Amino acid sequence: MEYRKLPHGGEDIGVIGFGTSYIGRADEKEIEATIALALEMGINYIDLASADARPFPCFGRVVGGAREKVHYQIHFGAIYKDGPYARDYNLEAVKRSIDWQLEQLRTDYIDVGFIHCVDEQAELEELLSGGVIDHIKALKRQGVVRHIGLSTHTPAIAHRVLDLGLPDVLMFSLNPAYDYRQDGDYSDGTLDERHELYRRCEALGVGISVMKTYAGGQLLDEKTSPFHRALTPYQCIQYALDRPGVMTVLPGFRNREDVRRTLGFFEAEAAERDYSVIGSLTPEDTRGRCVCCNHCQPCPVGLEIGLINKYYDLARHGDGQARDHYLHLSRTAEACVGCGRCSRRCPFQVNQAARMAEIRAYFGR
């Protein structure tokens, strides 16, 4: 394992951490064995935005007296009342969920308390007015929360929260597909906006923990990769670690084999990590496939077209939280009027009107 410093605090953080989106699919014995192996192999940074409640007591049992050796990202707004993940910014619901998570984890403190999955300005305003952010700040003053974090997929929201001086850590979706550039800016948010965000985090000492390292698995399959060519996990990991401000990447592990395979990154030859192939791909390679570049904006009815496409693609490829994130958007594909303006602007020749109809059918009302 290699380690980087958390700028605000100086803790040593493993550059590959433990994402928990998929581990809940394993049986309890495998979950606990996977956690134990990860700790043994040097993983010490764990994101607990899980798809369900099952991993929490397993971490509590396995970590046990070694709590000071691990760093937990815990999300204020991720709710596990009935087992499966849900999102709720009601302050009392948030408090109950955090209390439950701490009890299951057998700990009395949170390394990074995250303002959970804020993708729209209205959500940020709800968190500010509803008291959740004030609650996190109060817990930090009490020492229960050691650092404050923000998880988002939206650069503009990240910049807004940085303006408020809140986060020590930013959890952000970062991979070659979202950052792709060739004769223009093709990304989730403009390329310049995303790279300005990475540079700003580095300048402010805000560490970036990376989610969606493989774009929900899309980059690993030539059939779903926006490049029409599969990249390897090691190429995606190296790409993320080379971005300014990045502290750690958080791939989702399903079992012990995933841990072993992923940590093979440290023994891989430089050629196996080399992602320079993406620089030779042209925009024609991605025609007809939405890569969330937002060149289609503005939408006359206010749709966040790139974000809608992203949640759809992630949901279809197994991301258990993407459906909930989609349904919490202020405007979903239901609002599309089929005007075609977005399709005419799309540099990848995506028929977005047809795409919105497809997304409506997939998610339902």
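Reader: What makes strands E10 and E11 a pair, and in which sense do they run, parallel or antiparallel?

Author: Two strands pair if DSSP finds at least two bridges between them, and five bridges join E10 (residues 169-173) to E11, which run parallel. One of the facing positions is leucine 170, which stands opposite isoleucine 208 in E11. Strands here are DSSP runs of type E with at least two residues, helices are runs of H or I with at least four, and both are numbered from the N terminus. This is a predicted model, in which local features need pLDDT of at least 70, side-chain atom pairs count only at pLDDT 80 or more, and totals for chains, interfaces and linings use all residues. Residues are numbered from 1 along each chain as its sequence is written, and side-chain values use heavy atoms, with hydrogens and water left out.

Reader: Why is the crossover from E11 to E12 called right-handed?

Author: E11 and E12 (residues 246-249) pair in the parallel sense over three bridges, and the chain passes between them through helix H9 (residues 233-241). With the strands pointing away from the viewer, a path from the first strand over the helix to the second that runs clockwise is right-handed, and this β-α-β crossover is therefore given that name.

Reader: How do you know that E11 is mostly covered?

Author: Buried means under 20% relative accessible area, exposed over 50% and partly exposed in between, with a 1.4 Å probe and protein chains only; five of the five residues of E11 (residues 207-211) are buried. Gly207, Ser209 and Met211 point one way, Ile208 and Val210 the other.
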